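Grab a pencil and work through these exercises with the structure in view. Try each task on your own before you read the solution.

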Amino acid sequence: KIHALNPAQPRLRARAFYLGNHLELRYAITTYQFNIGLRRVRQIENGLKKHRLHLSPSIELTFLYNLAILYFLAQDYQPAIPFINKILKQRKSSVRQDIVDATRLIELVCHFELNNFDLLESRIRSFNRFLKGNPRKHPYEQILLSGIRKLMDAPLKLQAAVFKEIKNGFDHMEGATYLIGREELMLWIRSHIE
């Protein structure tokens with residue numbers, strides 16, 4: 001019904017675009033029906049361009065993050081990278097820093113899955129520098145960073161043990177401050193353990 005709306009005012013059209021597509025995208029992600037969201041990616045990208053003047057930077061970042069997560073959870077890591085890059089290019093802004101922080105973690109995992117180890121090594125060093133001076137640093141970040149470094153060095157037959165170690169670290173932090181992306185990262189970890 002929301003998609004069928006066509007208000008006269010551009011601001012209301014942008015709002016209808018946001019509500020309809022955001023809800024559909026979140027539904028696809030939370031129900032693991034990724035094909036629903038994947039069918040809408042191009043329309044969402046076009047809508048973001050069309051309604052850019054009437055959407056807040058927060059809404060744009062939310063869309064970009066959900067599109068990256070859609071591909072991430074569908075285990076199609078390469079198409080997630082352009083959305084990740086768009087988010088990280090906007091990191092100078094103070095808008096939705098929680099999304100930017102979570103995106104850094106998702107980026108590391110994507111590069112790990114794509115076997116981009118040279119790039120990943122550089123990203124890990126950069127991430128470590130970021131964590132040293134960041135008052136918002138989160139315990140999950142260090143657990144994942146350490147785990148990915150171990151995964152890069154571990155032979156395939158020992159990687160399951162490293163994934164279990166990462167999972168135990170995440171479980172131990174249960175109840176710590178909330179981290180956007182934690183559930184998605186846990187799904188990734190469990191998929192490798194199982």
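**Exercise 1.** What covers the buried residues of α1?

*Before you start.* This is a predicted model, where local features need pLDDT of at least 70, side-chain atom pairs count only at pLDDT 80 or more, and totals for chains, interfaces and linings use all residues. Numbering runs from 1 along each chain as its sequence is written, and side-chain values use heavy atoms, with hydrogens and water left out.

*Step 1.* Find α1: this helix spans residues 10–30. (Helices are DSSP runs of H or I with at least four residues, numbered from the N terminus.)

*Step 2.* Pick out its buried residues, meaning those under 20% relative accessible area with a 1.4 Å probe, protein chains only. Among them are Phe-17, Tyr-18, His-22, Leu-25 and Ile-29.

*Step 3.* Look at what touches them, with contact meaning heavy atoms within 4.5 Å. The cover includes α2 (34–38), α3 (41–50) and α4 (57–73).

**Exercise 2.** Compare the reach of α1 with its expected span.

*Step 1.* Count residues: α1 has 21.

*Step 2.* The expected span is 1.5 Å times one less than the number of residues, which comes to 30 Å here.

*Step 3.* From first C-alpha to last, α1 reaches 30 Å, close to that expectation. Just past the helix, Tyr-32 takes a positive phi of about 60°.

**Exercise 3.** How do α6 and α10 pack, and which residues make the contact?

*Step 1.* The axes of α6 (residues 97–113) and α10 (residues 182–193) come within 11 Å and cross at roughly 25°. (Axes are lines fitted to C-alpha atoms over the stretch in contact, and angles run from 0 to 180 degrees between N-to-C directions.)

*Step 2.* Angles under 35 degrees count as roughly parallel, so α6 is roughly parallel to α10.

*Step 3.* On the α6 side you'll find Leu-105, Ile-106, Val-109, Phe-112 and Glu-113, and they meet Leu-185, Trp-188 and His-192 of α10.

**Exercise 4.** What is the angle between α6 and α8?

*Step 1.* α6 packs against α8 (residues 139–153) at about 10°, with the axes 11 Å apart. That makes this pair roughly parallel too.

*Step 2.* In α6, Asp-101, Leu-105, Leu-108, Val-109 and Phe-112 meet residues of α8 including Leu-144, Ile-148 and Met-152.

**Exercise 5.** Is Lys-157 buried or exposed?

*Step 1.* Lys-157 sits in the loop between α8 and α9 (159–172).

*Step 2.* Its relative accessible area is 74%. Exposed means over 50%, so Lys-157 is exposed.

Technical notes: Helices (H or I, at least four residues) and strands (E, at least two) are DSSP runs, numbered from the N terminus. Angles under 35 degrees count as roughly parallel, over 145 as roughly antiparallel, 65 to 115 as roughly perpendicular and the rest as oblique.
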